[in-house]
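Hello,

Here is the structure for your files.

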Amino acid sequence: MLENYQKYLNFIDSKLTKFFNSQKPYIQCRKGCSKCCKMAQIPTSRIEMVYLLNGFLNSADAKTQDTVSKNIQNILSLRESVNNKKEFRYNCPFLIDDNCSAYPYRGIICRAFGLMTQNTDGKISVPFCCFEGLNYANVLDLQTHKVSEKKVKNREFPEEPLGFNVSYEYLTDKDFEDTFQFKFGEKRPLIEWFIDKKL
Ligand code: SF4
Ligand code: SF4
């Protein structure tokens, strides 16, 4: 099953690379920028979690594994202390010194984040980091929260910024399971996979 999931990942990675390359004038992603790994829920399906943990445990050194393990315990303790667990947000436990300690094995949402999305109903949305001066901020109309045609023209960008259908819902659609012959399985916020260790 993991082999087939790997084939699916290769497929979406190659698509996402093309999408990111086409949006270069608007993208600020770089190593060490980790805002999208913080104060998040990070939806993760069972197969993503198995793939992530397998890869991480087989590649990370003992010190890194120990740090991640402590991060998980700290986040779970914090989670215990809040009333609204459904809305609980946290910094990803795999994030160490602003870098992902499981980068090759990261989940699907981590691979797509940062692109402008167009959902199946046609609704376009910019990533949250746009409002922090990062992706697409150079063409954002701060009043309408939409792309400003004027800014695109004035800055003579070669291409219009585009929205892609890269929502988590779409990327984990059943069609991909049928095409690549695997199951995503149950989906949870990443930290919840460590509560009952049901993997
Ligand atoms: S998506 Fe935004 S927050 Fe995340 S790495 Fe790229 S620029 Fe930084
Ligand atoms: S798995 Fe890596 S890329 Fe994904 S949220 Fe965690 S630290 Fe960020």
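**Ligand surroundings**

Around ligand 2 sit Cys37, Ile42, Cys92, Phe94, Leu95, Cys100, Ala102, Arg106, Gly107 and Cys110. Bear in mind that this is a predicted model. By class, the ligand 2 shell holds eight nonpolar residues, one polar and one charged.

Take Phe56 to begin with. Phe56 lies in helix 2, which covers residues 46-59. Phe56 counts as buried because it has 20 C-beta neighbours inside 10 Å, and the cut-off for buried is 20 or more. Beyond its neighbours within four places in sequence, Phe56 is in contact with Phe94, Ala102 and Tyr105. Phe94 and Ala102 are also among the residues around ligand 2. Asn10 is 46 residues from Phe56 in sequence, and the two C-alpha atoms are 18 Å apart.

Now Ile47. This residue is found in helix 2 too. Ile47 has 22 C-beta neighbours inside 10 Å, so it counts as buried. Leaving out residues up to four places away in sequence, Ile47 touches Met1, Tyr5, Phe182, Lys183, Phe184 and Gly185. Ile47 and Gly114 are 67 residues apart along the chain, with 23 Å between their C-alpha atoms.

Best wishes

Definitions and conventions: Residues numbered from 1 in each chain as written. Chains lettered and ligands numbered in written order. Predicted model: local features only at pLDDT ≥ 70, side-chain atom pairs only at ≥ 80, totals over all residues. Helix = DSSP H or I, 4+ residues; strand = E, 2+ residues; numbered from the N terminus. Buried ≥ 20, exposed ≤ 12 C-beta atoms within 10 Å, placed from the backbone. Contact = placed C-beta atoms within 7 Å. Near = placed C-beta within 6 Å. Nonpolar A, V, L, I, M, F, W, Y, C, P; charged D, E, K, R; others polar.
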